[in-house]
Amino acid sequence: MAVAVERLITSDILKPARYLGNERLAVHKPWDTAAIRWVLTYPEVYEVGASNLGHIILYNILNAQPRQLCDRAYLPGKDLAAKLRETNTPLFAVESKRSLTEFDILGFSLSYELGATNILEMLDLAGIPLTWRERQKAGQAGGEFTNLQSQFPLIFAGGQTATSNPEPYADFFDFFALGDGEELLPEIGLVLSEGKEAGLSREHLLLDLAQIPGVYVPQFYDMAEDGSVDPCRPDVPKRILRRVATPIPAYSIGLVPYVETVHDRLTIEIRRGCTRGCRFCQPGMLTRPARDVEPDQVVEAIEQGMRATGYNEFSLLSLSCSDYLSLPAVGMEIKNRLKNENISLTLPSQRVDRFDENIANILGGTRQGGLTFAPEAGTQRMRDIVNKGLTNEELLRGVKTAWEQGWDKIKLYFMIGLPGETDVDVLGIGETVSWLQRECRGKGRKPLNFNLTISNFTPKPHTPFQWHSVSSTEFKRKQNLLRQEFRRIKGVKVNFTDVRISAMEDFVGRGDRSLGKVVRRAWELGAGMDSWYENLDQAFSAWGSAIAQAGLDWKYRQVENGEWNLFHIQEQKRSADTENTQLLTPNSPLPTPHSPLPTPHSPLPTPHSLNIPLPWDHIDTGIDKKWLQEDLQRALEATIVPDCSFEGCSHCGVCGTDFGHNVVIESPAIPKFAGEFVPNPTKAQRLRVWFGKQGNMALISHLDLIRLFDRVVRRASLPIAFTGGFHPMPRISVATALALGATSSGEIVDFELTVPVAVETFREQLAGEMPTDIPIYHVEQIDLKASAATQLLESAEYLITVAALEEATPIQWQNWIDTIKAKEELWYEHTTKSGKSQLINLRDRLFELELVETHNSKAESISSVIRYLGSYRQDGLLLRPEQILFMLESVASVEFQLLHIHRNRLILGV
């Protein structure tokens, strides 16, 4: 049964359009005909979750399966969460508006170590027990997996963090989906369908799921004292295989939100996996082998996607876009095809050594976007230790190419705290930035500015640096070194990552099952993703208290003090000769949870100690642990390992029947550049459109409405004119804004076209792409030189529903209306934007007023519908609905409440 959300999703909550579930390309499948009903949830606010590419791809794939339905849910804002708890309403899926407990399976994306507290918040809001043991106990009476009221959905997690080390979160999930989900999730759906039809118990169903490669069911595994994880029954695999799938760009097209999202553009994946071998990079290790997408598939997906969505920007996604050899050819082909549509291309952080004029030519459009490179370290020695594969010459060539192509500001990513790092390497970041600025100077050009993000190295499972750690004190000292260094450098903005967050990510990310109680207690104490940004001290306090209450503060101190550390740098005087600081050879075991803490001068681990079991050893990512150990030794020697996509095999262990092989596609010829988009200033026709705003669309803001018109015009292929200048905008002008939550049947918008279009043809094409709750009533052609509707506004007619908070008869309502009409003056104190008070006579602004009807319901306050016609001029002479309430209260001495606003029409002057 659908949750009655109309009383919850109202204009008084922030961005109510987040929860409507009526986006363009959303899939609404019949509930009753679905055998298995999924909810994919992204445990973040809608603006983050709805634009996540993995979320969109899996949503589309599951809805493409026969007899399977997939809905969505997101972390509600604090205001809606409070409403849900106050009204005892369970968290719901956005499309069906059904409680999450009505679904068969509920999947969470776990892509960040500290993100699990948001998952617990969503489970609690849904009325679902937090742990698999609690759900199992609560559902024992139900027996079979039929999703009756005595049962709860199966709860699972996927994503990078779930794949790398699921153990800290094992208490909360029935199973984990490891690796790529495109093939894995449909397989899970088939097993669920068969099990549900056969009436299997929850345990038997999970046992069947555990046989699927890529499915990890933690209740069938136990943690030993040494931290290792082994099966507790013989019929499940000892190690769980990470799944690998081939990207399918067509599934990336979908979900065009009405609200502005974090990635408000079409995103198409061009390459999955990275074999560069950066030793700190977990995504690079967890996504091998590298798989290129066929260029023709990419081009087709982008062209279809841009026309289906109406976006004016697209992004090509990969861990290393520059390693996709077809990037210049694909980018130029799309740029040429969509040349006349004012389209821009953006890329994520890319390899500076591959940045050249070909890539520069495809970026941006009329709007040149930002450019981001990640040198990671400030000296050649450190870049060799981390296997960045980047020389100073390549760094300068890439940055200089960008500067020569017109970029005056570039974003750079660096890390501090990397294994083997000395103060010389830290200060080398500042020296590198200064050197790049000196080399990029020229007459008539602004100095090259940099935005720097300097993060703290956080060791990750399944990487060669997984055995390393750095103390928080060292991080703070190195940050202070850089702050001093950058005080003397102009044109540089520097952002540092909070040291406490880095330590907490390390503690949880490399933890074991004992951390489940910490995650739960941190959530109970108020830790959530939002609190990291709104009140970092409060969030850190919650985590710290949770760790202490769990009796694990000694273990957290190991992380804070950097005592799990393979590199020991000799203490020497900080002078010029520290450049040749030597790394000592490891020769002692790692600390374990039961061993005494080492002293600052403890000897270091031996290669033998690297074989101590780790909490994530049972996850088979394809990379041999022995290879990681060998690569760690290569790091000690600052030895580079070439990229196996383009050079010889590095023998990491991935390539084979389970994971496949690298797929590198040679680039086609780069098409000739057809030229940049040139705004067409021709104004051949102006059309004025009268439209409505009804139902759920009343909860779309004015800015969202303007963005919607832009996308609708693109989807309808209407020849819209653009403004000139650096940032051309479509010539679409909405007469005036409508209050959020108000409905209307009389809004006006003007369009200017470069080519005349028959009025009826325009109306049909526009209406065909508009949401049904924005009806198009009338279109007429107006003179090209006519004033804009905004300038012609004279008055507006409203129907307002008003409730009296005391009993009132229809006769009393009529008397109040008549009293207002009889008065010549009704003075109102108005506060201007500058804070000054002024008295205005509202009666002068009221032209017509009448009582339309009254509602005498005993269950609610007595309400009436009032029609009024009032001044509505852009010079500030407005009569607002709230001011009608002021008039009523002035003559009736009764308190009133405004229940609803409907704008009947806008009246234009001659």
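Colleague: Is D506 buried or exposed?

Modeller: This is a predicted model, and D506 has its place in helix α17. A residue counts as buried under 20% relative accessible area. D506 has a relative accessibility of 5%, so the residue is buried.

Colleague: With which side chain does the side chain of D506 make a polar contact?

Modeller: Leaving aside residues up to four places away in sequence, D506 touches T458, P459, S469 and V559. The polar contact of the D506 side chain, at 2.7 Å, is with the side chain of R510.

Colleague: Which residues of helix α21 are buried, and what arc do they cover around the axis?

Modeller: Helix α21 spans residues 553-560, and its buried residues are K555, Y556, Q558 and V559. They lie on the same side of α21 because the arc they cover around the axis is only 145°.

Colleague: Which helices are included in what covers the buried residues of α21?

Modeller: V559 is one of the buried residues of α21, and V559 is also among the residues that D506 touches. D506 is in α17. The cover over the buried residues of α21 includes α17 (499-509) and α20 (536-549).

Colleague: Which residue follows α21, and near what value is its phi?

Modeller: The residue that follows α21 is G562. Its phi is positive, near 65°.

Colleague: Is N456 buried or exposed?

Modeller: N456 lies in strand β17, which runs over residues 449-456. The cut-off for a buried residue is under 20% relative accessible area. With a relative accessible area of 4%, N456 is therefore buried.

Colleague: Which side chains make polar contacts with the side chain of N456?

Modeller: Beyond four places in sequence, N456 touches I416, F475, Q479, T497, D498, V499 and S502. Among these, two have side chains in polar contact with that of N456: at 3.2 Å, Q479, and at 2.9 Å, S502.

Colleague: At roughly what angle do the axes of α14 and α15 cross, and how is α14 placed relative to α15?

Modeller: Two packed helices are described by the angle between their axes and the distance between the axes. The axes of α14 (residues 392-404) and α15 (residues 423-439) come within 10 Å and cross at roughly 50°. That angle makes α14 oblique to α15.

Methods: Residues numbered from 1 in each chain as written. Predicted model: local features only at pLDDT ≥ 70, side-chain atom pairs only at ≥ 80, totals over all residues. Heavy atoms only, no water. Buried < 20%, exposed > 50% of the residue type's maximum accessible area, 1.4 Å probe, protein only. Helix = DSSP H or I, 4+ residues; strand = E, 2+ residues; numbered from the N terminus. Arc of directions from axis to C-beta. Contact = heavy atoms within 4.5 Å. Polar contact = N/O pair within 3.5 Å; in protein donor to acceptor, adjacent residues only side chain to side chain. Axes fitted to C-alpha atoms, helices over the stretch in contact; angles between N-to-C directions. Parallel < 35°, antiparallel > 145°, perpendicular 65-115°, else oblique.
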